[in-house]
Amino acid sequence: MQDERRGAGGWDEVLAGERHLVAPGGEWRSALYRVAVDQFSRAADLLDLEDDVRARLLEPRRALAVNFPVRRDDGVVESFTGYRVQHTLTMGPTKGGMRYGPGVSMGECAALAMWMTFKCALLGLPFGGAKGGVRCDPNRLSEGELERLTRRYASEIFPIIGPDRDIPAPDMATGEREMAWFMDTYSQQVGHPVPEIVTGKPLVLGGTEGRDIATGLGVVFCLEDVLRGRSERVDGLRVAVQGLGNVGSVVVRELADRGARIVAVSDVTTGVVAEAGLDVDAVMEWVGERGFLRDFPRGTVVGRREVLETPCDVLVPAALESQIAGDNAREIDCRLIVEAANGPTTPEADRILAQRGIDVIPDVLANAGGVTVSYFEWVQDQQKYSWQGEEIVTRLRLQLNEALARVHGERRRLGTDWRTAAQAVAIARVAEASRLRTIYP
Ligand code: NAD
């Protein structure tokens, strides 16, 4: 059984008056980590997972916090805090994105690293999960400052990363540019080029065809697969998308190309709604030129939150975590949610949506296209041999279809929702590996 004192502040009471003690999991305590633990526990209970394996998966194996100075353009030196968390070392090297944002914390990285473990296991990739990042406001930093920050962060976490140890990738506010700086910094340290230290690199540096669109494309493949099971098609569907970054912009474009009507979009600046469907080319051009959706001249301007509540068939959160929560889950007006972002739905919202008959295709499945093509990139780098773009898309579709079929089967077997079934498939795989490797020494 799970240690019940861990939940809902239980250890706080146990340890009241003993402030020198740290509650188990205290290092990772955060709202998002609690969400990850809640989701894990639901699946682990259904699997009747033994206590020792449960304990090994509940907390990350390794975590590093670093503080480092960066010289700003005006000469002032500013201190930044960064993290790298590796959730399990059982499945192979660890893999996971690095993000820049004002909310980046050890607890956030720990939750995201745990989800990465399950995502990789679900897709059958030979990786454990990791996540990292730097707490900063990337919009306040110039390109030069971002380069210095990225290079210093890379050298600070150097002791625990490597092509066979831990391989970073893009996440929020990072992309090809940051991966190029990161790869160069690592290569300078070891004295020769090491393209396989990161994925999501520019093509010319050993990146792969298709990585830039892989996450968004994977979201679309999952949606198509789920719709096929319901004898429905993307063509004519009304879709609302939150977030127009790496992932959201690809989702919008790919769905529009397949005949979906994009009825609402938002980014950090604003939301826009058009019941008849937005002109997606115009939206993309606007955001491409200005960086933000603000002041887009067509459609009705709404608050960012209203985009989530726009009447539609499919809602795709592709921005931040905890966007669909207890306070707005009753206002969500769609038939299906496909989680392109990591952790966009809280457990409380999950329960409300289930009662309302709204299915949620979970992040660990829906956005797994990114890490799957990252795996293809890592394999190509190791082989020193590039695959054709067509082969990558075919393999991606196949791997996601197989994962979705496994989740669908588990959902029926356990009589549960998509998220719990997806986690159950993944946890069972990691648990089996843990049992076989036993405990060292
Ligand atoms: P990004 O930084 O490229 O884009 C984020 C987008 O969200 C931007 O358009 C931003 O304006 C918008 N946004 C921020 N706050 C918002 C708010 N309050 N309301 C509405 N929009 C808001 O990030 P990304 O790489 O597209 O990642 C998005 C999500 O997808 C994250 O949860 C990330 O962890 C997840 N993800 C990304 C990848 C990848 O390959 N990049 C892979 C798997 C999962």
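Predicted model: local features only at pLDDT ≥ 70, side-chain atom pairs only at ≥ 80, totals over all residues.
Local features need pLDDT of at least 70, side-chain atom pairs count only at pLDDT 80 or more, and totals for chains, interfaces and linings use all residues. Residues are numbered from 1 along each chain as its sequence is written, and side-chain values use heavy atoms, with hydrogens and water left out.

The sheet is open and has seven strands. Strands are DSSP runs of E with at least two residues, numbered from the N terminus. Their order is β9-β8-β7-β6-β10-β11-β12, and the pairing is mixed. Two strands pair if DSSP finds at least two bridges between them. At the edges lie β9 (300-302) and β12 (359-361), each of which pairs on one side only. Strands β10 (residues 314-317) and β11 (residues 336-338) are joined in the parallel sense by two bridges. Here L315 stands opposite I337 in β11.

The ligand is surrounded by 23 residues, each with a heavy atom within 4 Å of the ligand. The closest are D171, T215, N246, V268 and N342. Helices (DSSP runs of H or I, at least four residues) also contribute. Both α7 (211-229) and α8 (246-257) supply at least two residues of the shell.

Polar contacts are pairs of N or O atoms within 3.5 Å. For the side chain of R99, the distance from a ligand oxygen atom to an N or O atom is 3.1 Å. A polar backbone atom of A173 is 3.0 Å from an oxygen atom of the ligand.

Note on methods:
Polar contact = N/O pair within 3.5 Å; in protein donor to acceptor, adjacent residues only side chain to side chain.
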